Amino acid sequence: MSKTICLNELRPGQRATVRALRATGSMRRRLLDIGLVEDTEVECLGRSPAGDPSAFFIRGAVIAIRAADGADILLAEEAWD
Amino acid sequence: MGLTRDATGAGAVDGGLALRRESDADRVIALAGNPNVGKSTVFNGLTGLNQHTGNWPGKTVASAQGRCGTYLVVDLPGTYSLLAHSAEEEVARDFLCFGGADATVVVCDATCLERSLNLALQVRELTGRVVVCVNLMDEAGRKGVRVDLDALSRGLGVPVVGTVARKKRELQKLVRAVDGVLAAPAAPPLRIRYPGAVEEALAVLEPVAAEKAAGRLPARWLALRLLDEDGGLRAAAEDYLGGELRTDENWNAAIARARAILRERGISSDRLKDLIVSSLVLAAEELANDCVRCEHTGYSDADRAIDRVLTGKWVGYPVMLALLAFLFWLTIVGANFLSDLLAVPLFRVQALLTALFTALHAPDWLHGVLVLGAYRVLAWVVSVMLPPMAIFFPLFTLLEDAGYLPRVAYNLDRPFQKCAACGKQALTMAMGFGCNAAGVVGCRIIDSPRERLLAILTNSMVPCNGRFPTLLTLLTVFFVTGAQGPLASLQAALLLTGVIVLGVGMTFAATRLLSATVLKGAPSSFTLELPPYRRPQLGRVLIRSVLDRTIFVLGRAAAVAAPAGALLWLAANVEIGGMSLLAHGATVLDPFARLLGLDGVILMAFLFGFPANEIVLPIIVMAYTAQGTLASLGGMAELHGLLLANGWTAVTALCTVFFCLLHWPCSTTLLTIRKETGSWGWTALACVLPAAFGMALCSLTACAARLIGLL
């Protein structure tokens, strides 16, 4: 089993697949709604000028997620560029 | 198309979701879809109405209704799902389930079909009378995305129509498809495959649910929702089906058995919710794989390049300011030209009217009220206030159409987060530029009630379209010095940008203050969709928006400015005790106004301007000229002379600019706040807060000026 990282650790340009969501309640629902289910591929597109939030390419759409929320999204395996 | 006349001012206030049928034969068509898939554009195309559209998710916060032949079309708020996690989703779900829509049109985004399909599948689980409208086909084509509409139609079991709603093409085909769906028997609800244990539990529950629903709701859907322990829905369903489920023995036995099956397989209530959503997402993925062909996948290189400029680490903020200054510059150059063009004939008409009144031997007071009062203020609003409004608004709309506003929210989220607020507040702030009432309604896009209140209470700290001609004029007259032509316009644009930045800074300060006092709390979680950039519909936006603005301003000028002018002339000329009413009022207000670096007349103008901020400056001019110093007023030089003659200094102008930026919101905005918050208390705070900030800023400025001997 390789190392697990969180969404907020993904650097711009890197991709990885989602392993699990630690978020609960309404945030969990919202993340599922935008398609962040297991094995979904995400790509970090960049960060906002102030460093947070970051933009991610998820199932054909671009979604901005804050680092604090990204910490609850676990990614499987190593990220790749 | 951006903010339209219908979406600003009093039109911004939501009409609610009560159906407005004209006869019982009317069929109700619900429009459902994800945020920002062009749902409002489809709605406008079908109904010929003018609902606000723009390239950002969440701008349709109120549901709209309109007619299309014998159909009553209801535009539901944009949602990603019907699993009811938010107020909008609940509205949409309850309307589709129990609201009696005869058919549903699900609007999908061809460029991002997979995600749209999630909602389409959920609607299909619920009803068979569905037409799927795959919108933005042209955009998808340009991106190399091909959608196989026949395969999609087979997969969903309902008609699918591809549209380019922005061009109103093929909307007729959509209407015909709806006709067809209503004429034919409803297709059976779609069966999504759920994981084994869930299916087993459903197998137990479904027959009992079928008995209860008696054809009024799909059994499988009802069983699934009730298995999911959705309390709100159970109550609504019981209401709709007219019977208590909780007290029904058969039902209770079935649900206990179904839940036991889930428990045995180790599926908790949360796990069940996840399984349901994942199954839908995966079903959407599978369906999309079958009917979408992409030449290349991923985020487009062009959009990436634009992002690097608009949201780049070093250039993001400077570009934002530069864009704003550029818009102001264009506005100023255009407005100067238009103002000169309008002022000459308008004041020539005044001279003609005066001549006419004299020839008819009309009494002086009649000439005063109608010509020097009503007409002159009207002419002022039209010649000085209208041009900047009619130019800036469409330009801003272009930015909105292009998809820039969500990027502003993305850029500004961090500072808002520091104030324990939400980046979407930047979107509502931007709406406030157009109209604060519209901005306040727009605050519904913010999910957290605390953060929504923060945005509502601070919205009027960015100047609306009605206020910035005043800012612009005062800045130009008093602070653009020594420069000529384009350079002068540039100077004015930079000054105005500075004032806006100050307003935004005050918004941050007020937000911070509120979240440290009455609205304590941590920033909630946040997701913001950044839509692809679109080329704005240049010609249409400009023509529509200029016309809209012009009609809106002219309407208000006639309704508010002209009567105010007539009243004001009376106030300036009816004397009691050797002093006009106006002079009395100004004298009473004067001592307090002086503390703020203003004078009694200015403060009174702001009070009179409560119904419409664009009449503040005309009132000031009127009040000064009514005392008989000037017969007519054309260009900026004369205005400068008039204000100087009435004791204005640069400090007075600066304080007036500050007070214009920060004072009580207009009456329409306050009523909207009352409506949105449901509380007079919050409304009062929304009134007092910006006024307190403005008074503090003005009195500090006046004090500082006195200290260094400028006042």
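Why is strand S4 (residues 103-109) of chain B largely enclosed by the rest of the structure? I looked this up first.

**Conventions.** I am working with a predicted model, in which local features need pLDDT of at least 70, side-chain atom pairs count only at pLDDT 80 or more, and totals for chains, interfaces and linings use all residues. Residues are numbered from 1 along each chain as its sequence is written, while chains are lettered from A and ligands numbered from 1 in the order in which they are written.

**Strand S4 of chain B.** I found that 7 of the 7 residues of S4(B) are buried, so the strand is largely enclosed by the rest of the structure. Buried means that 20 or more other C-beta atoms, placed from the backbone, lie within 10 Å of the residue's own; exposed means 12 or fewer, and partly exposed is in between. Strands (E, at least two residues) and helices (H or I, at least four) are DSSP runs numbered from the N terminus. I noted that B:Ala103, B:Val105, B:Val107 and B:Asp109 point one way, B:Thr104, B:Val106 and B:Cys108 the other.

**Its neighbours.** I checked pairing, which requires at least two DSSP bridges between two strands. S4(B) pairs in the parallel sense with strand S1 (residues 27-33) of chain B over 5 bridges, and B:Ile29 has B:Ala103 as its bridge partner. S4(B) is also parallel to strand S5 (residues 130-135) of chain B, over 6 bridges; here B:Asp109 is partnered by B:Asn135. From S4(B) the chain passes through helix H3 (residues 113-126) of chain B to S5(B) in a right-handed β-α-β crossover (clockwise from the first strand over the helix to the second, with the strands pointing away from the viewer).

**Core.** I then looked at the largest nonpolar core, where B:Leu31, B:Val106, B:Cys108, B:Val131, B:Val132 and B:Cys133 touch the most other members of its 246 residues. Such a core is a set of buried Ala, Val, Leu, Ile, Met, Phe, Trp, Tyr and Cys residues joined through C-beta atoms within 7 Å. Helix H14 (residues 364-402) of chain B gives the largest share, 20 residues.

**Hairpin.** I saw that strands S2 (residues 64-68) and S3 (residues 71-75) of chain B run antiparallel, joined by 5 bridges. B:Ala64 stands opposite B:Asp75. The hairpin has 2 residues between the strands, and B:Gly69 takes a positive phi near 60°.

I found strand S5 of chain A (61-65) pairing antiparallel with strand S9 (residues 527-530) of chain B over 4 bridges. In S9(B), B:Glu529 is the bridge partner of A:Ile63.
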